[in-house]
Amino acid sequence: MRTTVLALILLSLGAGVAYAQDPSVAKEFRLPTSGNGPDGAPRVAFLAHRLGTDHAEGITTLDMNNDGFVDLVSGAYWYENPGANGGDWKQHQYRTVGIHDEFVSDCGEWTIDVNHDGAPDVVTAGWITNGLWWYENPKTQGAMWTKHLIADSYDTEGGVMADINGDGKSDVGLAHYNHSGILWVDFSGSEPRVHHVGGKEQDGHGIGVADVDGDGKADILTPYGWFRNIDADNDKWEWHGEWRLGDAGFPILGYDVNHDGKLDIIYGQGHSYGLYWLEQTGTAAHREWKRHTIDESFSQSHALKLVDLDGDGQPELITGKRYRGHSGNDPGSYDPVVVYAYKIDGKTGSFTRMTISENGTASAGTQFVAEDLDHDGDMDIASAGKLGVHFLENLKVSHVPKAIREAQQPIEHKWPFSGEGQEVQQENGPR
């Protein structure tokens, strides 16, 4: 499938200024490279590529063709990474996915070698279809992948991958809109081992994993509080109902925002307006949480991620608007679709917003992935949603030849302009 470039966003980390392409100035236009902005501050530029129009909203990465470059996997398809020199991402089908109205049943995807045969498999869950499933890697190019049920999981709208039991291997935790109880799955054994945590009153829309109390063990975060990890392998947890987040996005993030040595909480409203952080105050015996507003200008912050985009050693918060999370029935459903990054000031606890994509087709979906997809040394982003799968290429470092860039420009941005059907202006005529 031919790559379509949707937008070029030039992003100043200091000033937050975005410059959009304009065909009228195409002759003077130059792609940004690494360097600093006009104010001398480091800058990041992103180039948005729309790879497909599938409605799947989960996404992961996996080197499907073993060429050394991870590909993007979303829904029924994988998108072939063109490599370091750029080019078109080709779409290939490798499995089938259930569809209901406008929904593809795909709210989360995670790459895990489930059967420990040396070939990574894909673990998925869907909002419409019951179950947490894994698709077995056939280790043969072009073959369809076999589907296996791991556990029942109804009304699943997202999850989190993290090491929950401290064995150094990735687990998956799921939350449920029907409040049926949190489950997490340990993939370290010969068969996936399913654990259940809490009941209806603790489960809800949103889940996260972070060490809240600083004891070195991963705790489970929910919209209503957190489970202290006593002995995860033996299902021993201690409940602390210390907050109410509403329909939180995925995942609920734990991060020391103000660098005071205490873990804070970052969350978005997955089906309404609002992006917030909770400051941990009080004592270990009596914790309190003070809510701070990050941004209330857009709705459906259904996916969040912390990743260092500019290479300064400090993570930025990535989130944005999910498109039609409830089929157009959420507040702000018809507002512009956005993807934003936020610079976090550890001294003041403030967040400075930077635009990655605005009023385009790149959205938050239900997951973000962040990896150096083109192997040029900077962190790229990818997301999926009902407006398609997008590769958001970080141009902090860029080695793609100009000829390939020009070939990928939308037709209205190509140069030279033919002028067909219009009066042609002379070279030295009036401007």
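Leu221 has Trp226 of strand E19 as its bridge partner, a handy place to start in this predicted model. Local features need pLDDT of at least 70 and side-chain atom pairs count only at pLDDT 80 or more, while totals for chains, interfaces and linings use all residues. Residues are numbered from 1 along each chain as its sequence is written, and side-chain values use heavy atoms, leaving out hydrogens and water.

**Around strand E18**

- Strands (DSSP runs of at least two residues, numbered from the N terminus) pair here if DSSP finds at least two bridges between them.
- E18 (residues 219-222) sends Asp219 and Leu221 one way and Ile220 and Thr222 the other; all are buried (under 20% relative accessible area with a 1.4 Å probe, protein chains only).
- E18 and E19 (residues 225-231) run antiparallel with three bridges, and a hairpin of two residues joins them.
- E17 and E18 also run antiparallel, joined by three bridges, and Ala210 is partnered with Asp219 in E18.

**The second largest pocket**

- This pocket (an open set of 1 Å grid points where a 1.4 Å probe fits, with protein on both sides within 12 Å along at least five of seven lines) has a volume of about 530 Å³, meaning the space filled by probe spheres set on the points.
- Its lining (residues with an atom within 4 Å of a point) has 27 residues, with Trp110, Met161, Lys305, Gln367 and Phe368 nearest the centre.
- Elements giving two or more residues to the lining include E9 (108-112), E13 (156-162) and E17 (208-210).

Note on methods
Helix = DSSP H or I, 4+ residues; strand = E, 2+ residues; numbered from the N terminus. Buried < 20%, exposed > 50% of the residue type's maximum accessible area, 1.4 Å probe, protein only.
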